[in-house]
Amino acid sequence: MYPIKIKRLPGYDHAKIPQRMSEGASGFDIFAAINEPIRLRAGERRLIPTGFAIEMPIGVEAQIRPRSGLALKHGISILNTPGTIDADYRGEVGVIIINLGQEDFEIKPGDRIAQLVFVEVPKVTLEEVEELSDSTRGTGGFGHTGR
């Protein structure tokens, strides 16, 4: 268990703290901390405030991920998915939402707009070498095995 500290930011008294919507949920739903609706036109992207900041121990990363229902029903996604929040970041968590749908989409105050998932980050070192070992796949990539 990792202790994660969360702080509601000044000026966001109405902001909701992320919450798990079911016992088995991997992520915490994130809510829009806006005072009035925002109309997101088809193809448009916006940074949506959440009204909170977090503090995580070194070795933990928070990821901002799209909500599947918004993606399927409206074409709403997160532009840099997954968005990474590093353990040493203390600023407001923001969500870069993009409307990939055909129609405008309205984000209302308190709407669930994304999910927050915490993951362990392994400690690694990079070792520069002259050669890499062979593998069955080799250098094939970008769909080389078919559809």
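Since the model is predicted, local features need pLDDT of at least 70 and side-chain atom pairs count only at pLDDT 80 or more, while totals for chains, interfaces and linings use all residues. Residues are numbered from 1 along each chain as its sequence is written, and side-chain values use heavy atoms, with hydrogens and water left out.

**The network**

- Asp29, Arg67 and Arg112 are joined in a network of salt bridges.
- The side chains of Asp29 and Arg112 form a salt bridge at 2.8 Å, N to O; Asp29 belongs to strand S2 and Arg112 to strand S11 (residues 112–120), so the pair ties together parts 83 residues apart in sequence, with strands (E, at least two residues) and helices (H or I, at least four) taken as DSSP runs numbered from the N terminus.
- Asp29 also meets Arg67 in a salt bridge at 3.8 Å, N to O, and this pair links distant parts of the chain, 38 residues apart, with Asp29 in strand S2 (residues 28–31) and Arg67 in the loop between strand S6 (60–65) and helix H1 (68–74).

**Accessibility of the partners**

- Asp29 counts as buried at 7% relative accessibility, where buried means under 20% relative accessible area, exposed over 50% and partly exposed in between (1.4 Å probe, protein chains only).
- Arg67 is buried as well, whereas Arg112 is partly exposed, with a relative accessible area of 33%.

**A further pair**

- Glu44 and Arg41 form a salt bridge through their side chains at 3.3 Å, N to O, and Glu44 is buried, with a relative accessible area of 17%.

Technical notes. A salt bridge is a side-chain nitrogen of Lys or Arg within 4 Å of a carboxyl oxygen of Asp or Glu.
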